[in-house]
Amino acid sequence: MAELRIQPKKAAPSPWLLVGLAVLLLAAVAYFYLRPDPADEARATSTSAPAPAPADSLAPGSPAAEARATPPPATDSVGTQAAPTSPAGAGNAAATMLLQLSPTLTQLADRADLRDDAAIREQRDNFTSATARLAEGDPHASLRPGLVAAASLLLAVQQKAYPNLESEANSLVQKAGLLSGRNATAAEQAQNRAYLDQLATLLNTMSYPAADVL
Amino acid sequence: MNSPILRRLRDLPTFEMATGDPDPRGWAVRGSDGQAFGVVHELLVDPAAQRVLYLDVQLDPNLPNVPPPAPHTETRILLPVAAVNLDTEGSNVFVTALRRDTISNYPPFLDFMLPPGFEEAMQQALSPSTVQP
């Protein structure tokens, strides 16, 4: 004798719950695959704006605090970064400016579209070597190799990616060749300052993608 | 004792066959001689007891001594589940008390509403004394 039973249907999970779970899963996958590389973010941040000065405990009313209260210069261009801000004397002002430009120069050479070029890599190494003694604070280090290497590096970058900046790059190299490498007299200081300003301007221009530079 | 309220299982969307119990809808119904004479068309259930009470069987056409159905209808019978054996491997329902040539003596199921005395007529037709040799 047969016996057949029936039972109330078990409650199936809502299809909308499954849809929601699928959407969440897709969002998580998209997040992990499409999020910007942390290394790129760090590089972009350090290129676009210098790190803000850390908050310190300056006494209110002190000369230092008043100096801090004055609005800082705009920092959206490389040229303004080259302004001498250290209280160094005129003797090493040019070296200070060059060293301030150094990170931006190396970051430019390390840019994804430039770093694979052999000439740029070579000029970057030359520039790093030429400014190594300056960076170490050697008072007897010569300024000229670093100034010339910076111009050569920008020339290599120009030849790689900025064909319409040829005259500016060549002019910079020519000026570098005329520098004495000293920063003693007022004329030498003015010459170095003018050269570094031109270097900073060209560097600032090259900080934009080649397609945006007319 | 009140008669159970019979419902077609297909009309109860919140019910299904119990886990482990087969669903015989579509299975062939065979008599004592093994000959098929119909197909299980529907199940009539008692929702309160959660049991299948009858198989609604659609008879094959051209059975001997069975009058042809009205146009656009089929001849159907009800078989109490307690009177059948289920062959789950072969998907067959066996009714040892019936055969193709005796099915004409079995009361046809004409309407979903069970007329008075219908169940008694079924039981009488299924009793061993009515089975033809």
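Tutor: Strand E1 (residues 7-8) of chain B and E4(B) pair in the antiparallel sense over two bridges. Two strands are said to pair if DSSP finds at least two bridges between them; helices (H or I, at least four residues) and strands (E, at least two) are DSSP runs, numbered from the N terminus. This is a predicted model, in which local features need pLDDT of at least 70 and side-chain atom pairs count only at pLDDT 80 or more, while totals for chains, interfaces and linings use all residues. Residues are numbered from 1 along each chain as its sequence is written, chains are lettered from A and ligands numbered from 1 in the order in which they are written, and side-chain values use heavy atoms, with hydrogens and water left out.

Student: Which residue in E4(B) is the bridge partner of Arg8(B)?

Tutor: Arg8(B) belongs to the antiparallel pairing of strand E1 (residues 7-8) of chain B with E4(B). Its bridge partner in E4(B) is Leu44(B).

Student: Which residue in the turn of the hairpin formed by E3(B) and E4(B) has a positive phi?

Tutor: Strand E3 (residues 28-30) of chain B pairs with E4(B) in the antiparallel sense over three bridges, and Val29(B) has Gly38(B) as its bridge partner. Five residues lie between the two strands of this hairpin. The turn residue with a positive phi, of about 85 degrees, is Gly34(B).

Student: Over how many bridges do E4(B) and E5(B) pair?

Tutor: E4(B) and E5(B) also form a hairpin, with four residues between them, and Gln50(B) in the turn has a positive phi of about 55 degrees. Within this pairing, Leu43(B) has Leu55(B) as its bridge partner. The two strands are antiparallel, and the number of bridges is eight.

Student: Why is E4(B) described as largely enclosed by the rest of the structure?

Tutor: The term buried means under 20% relative accessible area, exposed means over 50%, and partly exposed lies in between (1.4 Å probe, protein chains only). E4(B) is largely enclosed because, of its eleven residues, the number buried is eight.

Student: Which residue forms a salt bridge with Arg25(B), the closest N and O atoms being 3.3 Å apart?

Tutor: A salt bridge is a side-chain nitrogen of Lys or Arg within 4 Å of a carboxyl oxygen of Asp or Glu. The partner at 3.3 Å is Glu42(B).

Student: How many residues apart in sequence are the parts that the pair Asp56(B) and Arg76(B) ties together?

Tutor: The side chains of Asp56(B) and Arg76(B) meet in a salt bridge (2.6 Å, N to O). Asp56(B) lies in strand E5 of chain B and Arg76(B) in strand E6 (residues 76-80) of chain B, so the separation in sequence of the parts tied together is 20 residues.

Student: Is Leu59(B) buried or exposed?

Tutor: Leu59(B) is found in strand E5 of chain B. With a relative accessible area of 7%, Leu59(B) is buried.

Student: What area do chain B and chain A bury between them?

Tutor: Buried area is the accessible area (1.4 Å probe) that two parts lose on being put together, summed over both. Here 24 residues of chain B are in contact with ten residues of chain A. In chain B, Glu16(B), Gln50(B) and Arg51(B) lose the most area to chain A, together 31% of what that side buries. Of the total, 53% is on carbon and sulfur atoms, and the area is about 1600 Å².

Student: Which residue of chain A forms a salt bridge with Arg51(B)?

Tutor: Across the interface of chain B and chain A the rule finds two salt bridges. In the one formed by Arg51(B), the closest N and O atoms are 3.0 Å apart, and the partner is Glu3(A).

Student: Which residue in E2(B) is the bridge partner of Pro8(A)?

Tutor: Strand E1 (residues 6-8) of chain A pairs with E2(B) in the antiparallel sense over three bridges. In E2(B), the bridge partner of Pro8(A) is Phe15(B).

Definitions and conventions:
Contact means heavy atoms within 4.5 Å.
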